[in-house]
Every structure is written in structure tokens, then in C-alpha cells.
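Let's walk through this one together, starting at a pair of strands and ending at the ligand. Have the viewer open as you read.

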Amino acid sequence: MRIYEAKDYNDLSRKAANIISAQIIMKPDAVLGLATGSTPIGTYKQLIEWYEKGDLDFKEIKTINLDEYKGIGPENEQSYYHFMRTNLFDHINIDLANTNIPNGLEEDIEKECARYDDIINQSGGIDLQLLGIGCNGHIGFNEPGISFDKSTHCVKLADNTIQANARFFESIEDVPKYAYSMGIKNIMQAKSILLVASGENKAKALYEALYGPITPAVPASVLQLHNNVSIVADEEALSIVKSEKESLL
Ligand code: PGA
């Protein structure tokens, strides 16, 4: 596991975008696993800037997003489909037919999860999976307690996730209670993983994920078992990691 410390959010975004760019340059038809949330927005902005400069080409890139709220459609501004269009896809030369996000409007859970697992499996494998981390240690919508051997599934969102996401909705009642999410098994099958974390509210989860016991109570702790993980985090997110290390010196 490699940890890259960023000075601030801009530096984090540039470092993360550099890792994604390297993947795109080395393999122009790479399969990228993508994430939503506040943290990757700066990374996507940086990728767009480099695309506009002519340094990146997304024409053959395929993407598979981690998750989508259940019960809302792509035209809904809070959907992760809408997020991906506005924060990345509409600004680069990606073929939308090569982008994949769970269908939040599919009522048949078994059918949608099987369809999504097929997409992941038939893609030849995710070359680089981008992840954020929740304050409770979740990755994707794999909430604490989730079994590590799950593939795509429908999750009931944890109360603290609903609270954290309420900032994007008019009221907390509007936050969907369920989501489709890739499982830990899908994430762990990615060939490489890039986790981004920013801010002090992520410091405890990040410390537990990197140095705590490997346990479903902290879903991100499973990443300790993956052999190709890069962490890009700012000083605040790394504050506990750093203070614990110093106390050992
Ligand atoms: P955030 O979310 O980037 O909005 O903090 C990360 C996550 O919950 O996975």
C-alpha cells in the first residue's frame, strides 16, 4: 500500500488525477471504476483540464461506477448518473455507451445486481478503481457490518450515511434509503485501487482502515488485503495516522 500525502485538496486532486492519467496513457482502453461524492470532484476537474489541453483521450475508456441510489432515475439531479454527467462525462470525449452505472429505477433487485455483475465480469476486470471513504469507513455503499464476499447488492443506507448525504437534498426525508452498490468482492477484484480522502472528519476512518483490524465493522479495512492500493489523502485526513506514527517513534 502506498500513501501519498497531499498538502491540500487541490494537491490531492492533482495527485489522484495523475495516477488516473497514468492508467489512461498506459492503457487507452482501460476500464475505470469510478466514484461519486465530494472528494473526487477536484480529481475529475483536473482530468477535464488535461483532456482540454489535449493530454488525455477517453475515446476508448470504459467506466463502471460504484453505486446508485435506488428509486431515483437518471434525470433526477441527485442521481449519481447526473453527477457523473455534470462532473465528468459531459466534458470529455467518452462514449456514453461505454459508461455504466446501476439502474436506480430497476425494481427487480436480483435482476439488476446480476446485470451489473455481468458488466463487471465481462469487462475483463476493472484496471483502476477510484474510491472515497465514508466517515464510518464505508467504500461504495458497503456499510459497516457488510460481508466481504458480497458482489453487487442492494443496501439499506446507514443512518450516518443518510445524514452525511442530506446536504445534497432539500431535506433529510428526500435522501433515498436504499442503493445499489458494487460489493467488496467486486472492489477487491479490481487490478488496482486508488482511495482519496480529504478532511479531518475522515481521519479516524482512514486510520482504522489502514492500521486497524481487518473487519467488516470498517469495510475499507479490507483494502489491507489488496496488493495494489494507493491512498491519496490530505494532511487533515492523515492527521491521526501521522500522530499515531509519531507516538511510536
Ligand atoms: P465524500 O464521500 O467524498 O462526499 O466525503 C465519500 C464516501 O462517502 O464514500
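Start with Q129, which stands opposite I193 in β9. Strands here are DSSP runs (E, at least two residues), numbered from the N terminus, and two of them pair if DSSP finds at least two bridges between them.

A quick word on the model: it's predicted, so local features need pLDDT of at least 70 and side-chain atom pairs count only at pLDDT 80 or more, while totals for chains, interfaces and linings use all residues. Residues are numbered from 1 along each chain as its sequence is written, and side-chain values use heavy atoms, with hydrogens and water left out.

Now zoom out to the sheet. It's open, has seven strands and parallel pairing, and reads β1-β10-β9-β6-β2-β3-β5. At the edges are β1 (2–6) and β5 (99–100), each pairing on one side only.

On to the ligand. Around it (a heavy atom within 4 Å) you'll find G37, S38, T39, G132, I133, G134, H138, R167 and K202. Three of these make polar contacts (N or O pairs within 3.5 Å) to ligand oxygen atoms through their side chains: T39 at 2.4 Å, K202 at 2.5 Å and R167 at 3.1 Å. Taken alone, the ligand exposes 280 Å², and the protein buries 79% of that (Shrake-Rupley method, 1.4 Å probe).

What classes of residue make up the shell around the ligand? One is nonpolar, six are polar and two are charged, with Gly counted as polar.

Terms used
Polar contact = N/O pair within 3.5 Å; in protein donor to acceptor, adjacent residues only side chain to side chain. Helix = DSSP H or I, 4+ residues; strand = E, 2+ residues; numbered from the N terminus.
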